[in-house]
Amino acid sequence: MISREDDVLAAAEAWREAGRGVAVATVVETWGSAPRPVGSHLVIDADGDFLGSVSGGCVEGAVVEEAGEVIATGAPRMLEFGVADETAWRVGLSCGGRIRVYVERLD
Amino acid sequence: MRLDVLKAMNAARRERRAGVMVTRFDDGSQRFVEASGFAADPLGERLDQALRMGKSGALALDGVEYFLTVQAPPPRLVLIGAVHISQALAPMARIAGLDPTVIDPRTAFATPERFPDTPVVAEWPDEALATAPPDRYTAICLLTHDPKIDDPALVLALRADCFYIGALGSKKTHAKRIERMRALGFDDEALARIHAPIGLDIGAVSPAEIAVSIIGEVVASLRRKPLRTEGRAP
């Protein structure tokens, strides 16, 4: 079965209850053609395991990396991705859209 | 994200209660407000709006940026009739993000072997639906061709404000169905909510193709307009 937003958040709760460090990433804004709608979640643990998606695969790697920092420090971060980004060659959105992703630790 | 807030939201979802999680970006504060508590919340009106649209989103108000995470119950798909079309429809529904249930009092049809991974209830629809009443996040498909089984479900669906009601059968069959429902006191507006013949007109022939046409119609009803509001008179 394909995981839905609710399964992803249920997993976040279960992971945290099991004592794992967990971060929740949420798409909070999109411009133009964006692969995943506002409200989509990616849940990440301290080991870099993740569930869900914020972009259908384009920028998950970068979000997981940032999530590691968020889990370590506890300070939430707002990330922005788009083709205009200088790192576009690495983590841009090929569809031409732009997205803003909020990453916070689950405490 | 606060674990207690997430727990409250996950618990509401499990019990099919709607609500909105409010996150303030400036101080990171968070709360989950159930629909029943909107009236008492300072952002109540905005939360109600977001829930009606069924869309999470950012909100800027008086110089403060918020994010609203909408928690609406997962749409349910109730299939009346453990028939061939239902066998194709149930797995398609799951892939599309709907929660299917099959109801059929005929025990020869309603067997787990015919419906792996789908809850099957071998009871009359009015009994089966009494324990899990349809709500505005429920779609109901009448697929038995048998008024004895379909009609009790249809009566409940019409009273319950389901976002989709579809009925299998020819125009002639449907005309008779409309007559029976009118005799029970349902008016034209209520009866116009029934999609019949069921499914989008894609020239479907096989049971699986008909299932595709039904799934398409259910998704259209779910997404094209906001869900029907609660509180329709029975």
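A salt bridge is taken here as a side-chain nitrogen of Lys or Arg lying within 4 Å of a carboxyl oxygen of Asp or Glu. The structure is a predicted model, in which local features need pLDDT of at least 70 and side-chain atom pairs count only at pLDDT 80 or more, whereas totals for chains, interfaces and linings use all residues. Residues are numbered from 1 along each chain as its sequence is written, and side-chain values use heavy atoms, with hydrogens and water left out.

Over all chains, the structure holds 20 salt bridges. One of them links B:Arg24 to B:Asp26, with the closest N and O atoms 2.8 Å apart. With buried meaning under 20% relative accessible area, exposed over 50% and partly exposed in between (1.4 Å probe, protein chains only), B:Arg24 counts as partly exposed at 24%, while B:Asp26, at 52%, counts as exposed.

A salt bridge also joins the side chains of B:Asp41 and B:Arg31, at 2.9 Å from N to O. B:Asp41 lies in the loop between strand 2 (30-34) and helix 2 (44-53) of chain B and B:Arg31 in strand 2 of chain B, so the pair ties together parts that are 10 residues apart in sequence; helices (H or I, at least four residues) and strands (E, at least two) are DSSP runs, numbered from the N terminus. B:Asp41 is buried, with a relative accessible area of 13%, whereas B:Arg31 is partly exposed at 30%. In chain A, salt bridges that share partners connect A:Arg20, A:Asp45 and A:Asp49 in one network.

How values were computed:
Chains are lettered from A and ligands numbered from 1 in the order in which they are written.
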